[in-house]
Amino acid sequence: MPKVDRNDPKRGSASESRYSLMEFERDFPDDATCLEWLVGFLYPDGIFCKTCDRVTKHHRDAKRPSYSCQFCGRHEHPMKGTIFENSATSLKLWFYGMYLMASTRCGISAKQLERELGVTYKTAWRMFHKLRTLLTQDGKMLGGTVEVDETYIGGVDRWKHENKRSHRRWAGEKSIVLAMTQRGTDGQSGKVKARVIPNSRKETLLPHTRRSVRKGSTVFTDENTAYTGLHGMGYDHGWINHRQRVYVHGDVHTNTVEGFFSLVKRGISGVYHGVGDDYLQTYLDEYVFRYNHRDNPRGMMAAMLGRIAKASSSEA
């Protein structure tokens with residue numbers, strides 16, 4: 001079975017083959033193997049028995065996915081507190097759903113998950129959103145050279161080519177997404193962060209940038225005047241004037257972050273055909289996860305497995 005290191009996951013080279021279906025079936029052939037992997041991951045030092053007040057040997061229960069202490073018989077439920085809790089769906093199907101999400105380039109819809117797993121749409125939708133909770137963005141700050149930009153996602157494309165007043169009506173129907181992309185250095189791929197924001201005013205953009213980008217970094221933006229305060233906040237700020245049809249001036253451009261926006265928009269329109277405002281951030285988290293692991297195709301499944309954890313208070 002594959003081992004997942006929480007702190008230092010192995011990175012694959014660009015030429016390394018992807019984690020294939022045959023490899024998945026070899027590693028996780030049935031529910032018992034999936035449960036055994038989960039126990040080994042969640043309890044690396046053995047299962048602690050609260051009754052015996054120490055780590056003891058536990059034996060697998062025959063009729064349910066739990067383990068019993070060999071001394072007092074107390075039951076430990078590995079799936080309790082995880083995304084698998086209270087689910088009647090096979091653990092192998094959960095792992096296979098995770099494999100499908102990790103192996104597709106632009107994501108997979110709940111409807112496709114329903115067809116692939118042979119479950120109801122309601123079950124597929126629930127699994128889909130539970131699995132996406134594993135893909136939340138970390139709190140690590142970006143540094144070096146960072147591109148910052150906003151875009152509009154969702155709504156209906158109408159009026160946008162008529163006049164400025166019509167454009168404002170069109171933009172008001174869409175969600176605003178702010179993204180920050182760190183350029184790669186020394187053969188290392190850059191990282192990205194993305195967040196749904198209420199507006200594109202200065203009092204919104206600058207605090208988000210300060211929380212996500214380390215001081216002393218070089219920040220490139222477009223001509224939006226809301227970013228004019230970046231220099232006074234400790235950043236080396238360069239900007240490019242798109243309104244004058246200038247898109248690159250030496251190293252100054254926002255092409256990297258705009259490339260990420262293109263991936264997100266094509267994925268949402270091509271795979272999901274639309275996303276509601278309430279769920280847009282979770283979809284952004286998924287695309288950020290894919291982007292940040294794009295050079296490690298074999299490790300993407302391991303990265304998802306490595307995020308499984310027990311919550312302090314599980315859902316009812």
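**Briefing: a loop asparagine, aromatic pairs and a surface patch**

The backbone nitrogen of R243 lies 3.1 Å from a polar atom of the N241 side chain. That is a polar contact (a pair of N or O atoms within 3.5 Å; within protein, one must be able to donate a hydrogen and the other to accept it, and residues adjacent in sequence count only if both atoms are side-chain atoms). This is a predicted model, in which local features need pLDDT of at least 70 and side-chain atom pairs count only at pLDDT 80 or more, while totals for chains, interfaces and linings use all residues. Residues are numbered from 1 along each chain as its sequence is written, and side-chain values use heavy atoms, with hydrogens and water left out.

**N241 in its loop**

- N241 sits in the loop between β10 (236-239) and α8 (255-272). Helices (H or I, at least four residues) and strands (E, at least two) are DSSP runs, numbered from the N terminus.
- The backbone nitrogen of Q244 lies 3.4 Å from a polar atom of the N241 side chain.
- N241 has a relative accessible area of 18%, so this residue is buried. Buried means under 20% relative accessible area, exposed over 50%, and partly exposed in between (1.4 Å probe, protein chains only).
- Leaving aside neighbours within four places in sequence, N241 is in contact with E223 and V246. Contact means heavy atoms within 4.5 Å.

**Aromatic pairs**

- The structure holds 15 aromatic pairs. Rings of Phe, Tyr and Trp (its six-membered ring) pair if their centres lie within 6.5 Å; planes under 30 degrees apart count as stacked, over 60 as edge-to-face and the rest as tilted.
- W37 and F41 form a stacked pair, 5.1 Å centre to centre with 15° between the planes.
- W37 and F41 are about one helical turn apart, because four residues separate them in helix α2 (residues 31-42). Both are buried.
- F260 and Y291 have ring centres 5.5 Å apart and planes at 80°, so their pair is edge-to-face.
- This pair links distant parts of the chain: F260 is in helix α8 and Y291 in helix α9 (residues 280-292), 31 residues apart. F260 and Y291 are buried.
- One aromatic cluster includes Y19, F24, W37, F41 and W94.

**A surface patch**

- Y121, W125 and Y279 make a nonpolar surface patch of about 300 Å².
- W125 lies in helix α5 (residues 121-132).
- W125 is partly exposed, because its relative accessible area is 33%.
- Patch residues have over 30% relative accessible area and no salt bridge; like charges are joined within 9 Å, nonpolar side chains (Val, Leu, Ile, Met, Phe, Trp, Tyr) within 5 Å. A salt bridge is a side-chain nitrogen of Lys or Arg within 4 Å of a carboxyl oxygen of Asp or Glu.

Definitions and conventions:
Areas by Shrake-Rupley, 256 points an atom, 1.4 Å probe, with all protein chains shown as cover.
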